[in-house]
Amino acid sequence: MTAKIKESLNLDLGINANLIHYQWSPEALQKQTILLNMGRETENGTLAVHTGKFTGRSPEDRYIVVDALTRKTVDWGAVNLPFDQKSFDMLYRQVTAYLQDTVYVRDAQVCAGENYKMNIRVITEYPWSNLFAYNMFLRPEAQELDTFKPEWTVINAPGYKATPGEHKTKNTNFTIINFSKRIILIGGTGYTGEIKKGVFSALNFLLPVKEGVFPMHCAANVGKNGETALFFGLSGTGKTTLSADVNRKLIGDDEHGWSKEGVFNFEGGCYAKVIGLSPEKEPEIFDAIKKGALLENVSFMPNGSVDYTDASITQNTRVSYPIHFLRNIQQPSTGTAPKHIFLLTADAFGVLPPIAKLNQDQAAYYFISGYTAKVAGTEKGITEPVPSFSACFGAPFLPLSPVKYTAMLLEKLKQDKVSVWLVNTGWIGGSYGVGERIPLKYTRAMINAVLKGELKMSDQGRYTVHPTFKLAMPKKCGAVPEGILNPVRNWKDKGAYHKTEKKLADAFQRNFEKYKGLVSESIYKSGPFI
């Protein structure tokens, strides 16, 4: 098989490496990483590595090649940076020439939905990058490998650094997607998330255009009654935590498609943040960190155990593991069309209610807004909460216009009669620094009430409408204290609440101006009004 792969790499890709390690097991990749002094093992045998200079994605260094497929379809701008074909070809030749010593080759798949499954080949310079690909993508059966033909190729060379003036990149690192050649070229960064999100970006273009599938940056789980729920949310809003429920089976924690057949996971693993991780707060994730998992950028205590509270390297400490490391999963990773959708936001201003029912226009408004808030200390110079908007809860990964994805969402909502809820996992009783974080047990209780059908809108007397944000807030929700459900009631200084409320409403309105005339008037008017 290795000789066949070597011939394919040489003839199809121009890679003529001296050593090709094909489809190595996780054990072999971990052993090789240790042998090359590129990582260490934790107390329980988990591999831990440092990804180098980059401990997170670099959105400003992600490019898409301009060609006949992309020229008039991609939403060019600050998110989707154009890259010319000649510059790509030159850079590609140099990267493939650089990979002449040893490469690790992984044949894998994405999209658990049988009608949409796609073969990908991941070629990496480092063994632990290949372990990441094993963990994160779907793993073909042995018999499938005999006739495996890659439809897309990911080439990952962290050690190769571009020369900006010569290669037309902004910096020495880059991720370039070439849709015509079906290649994702990554260099200058060891952060493995670039592999995962490069493939996700490609699917966000391919599936809507070719298959009519709505791609989503969300988690998904399914209840014992077979009903599927989706959880949209940016980093820090609780997407992974809330979707991991002992009473529901996890479909996936990050990337999904919604087709005419239902919902399916794009991936075969999870990539979870581990900063502050504990067995008490997130037992499922904690127990999944074992031999075969890959920890990134964590620190260690003097006794050699992992210090999950230490953010000295980065706040974005991570672990990847195959989804079967979790106990309660849906197999295969598919579900019916969702019954409920939760749009998660961590509102550090303490303005939004902990839960609110959205109509379809509001669902479109808050989906395309993709709001959360950055808190003091998360980035240099941030001393108070700052609004953060990421279209469709995943702007860096959307090659098409956010309006396109929002239209697909609306079509699905109408077709499948889905209820949509805005859930604030942020602060109550005041902004960050004054109020407190909404207890996780209350957020779970509110979500469970929705899943059990206890918050139906048919009983209008159970709801009150927020005067500025026009959100339908339940007056009662099981054992959740009633005072929590209406945000203004939690603030001692009501004047300070209304001042902060106006500030946040202004931020929403300014952000949404760019969609005026691109969405319906009813959606445009569904946001806050002062």
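Visitor: In this predicted model, where is R57 found?
Guide: R57 is in the loop that runs between β3 (47-49) and β4 (62-65).

Visitor: Why is R57 called partly exposed?
Guide: Its relative accessible area is 32%. Buried would require under 20% and exposed over 50%, so a value of 32% puts R57 in the partly exposed class.

Visitor: Which residues does R57 touch, beyond those up to four places away in sequence?
Guide: R57 touches Y191, G193, E194, K197, P396 and F397.

Visitor: What does UniProt list for "binding site"?
Guide: An unreviewed UniProt entry lists R57, Y191, K197 and R318. These positions are spread over 262 residues of sequence, yet they cluster in space, with a largest C-alpha distance of 14.5 Å.

Visitor: Why does K197 count as buried?
Guide: K197 has 9% relative accessibility.

Visitor: Is S320 buried or exposed, and what makes it so?
Guide: S320, in strand β20 (residues 318-322), has a relative accessible area of 0%. Because buried means under 20%, S320 is buried.

Visitor: What makes the pairing of S320 and N135 a polar contact?
Guide: The contact joins their side chains at 3.3 Å. The limit for such a pair of N or O atoms is 3.5 Å, so 3.3 Å falls within it. Apart from neighbours within four places in sequence, S320 is in contact with F132, N135, M136, C270, Y271, A293 and L294.

Note on methods:
Residues numbered from 1 in each chain as written. Predicted model: local features only at pLDDT ≥ 70, side-chain atom pairs only at ≥ 80, totals over all residues. Heavy atoms only, no water. Helix = DSSP H or I, 4+ residues; strand = E, 2+ residues; numbered from the N terminus. Buried < 20%, exposed > 50% of the residue type's maximum accessible area, 1.4 Å probe, protein only. Polar contact = N/O pair within 3.5 Å; in protein donor to acceptor, adjacent residues only side chain to side chain. Contact = heavy atoms within 4.5 Å. UniProt positions renumbered as here; feature names shortened; annotations may be inferred.
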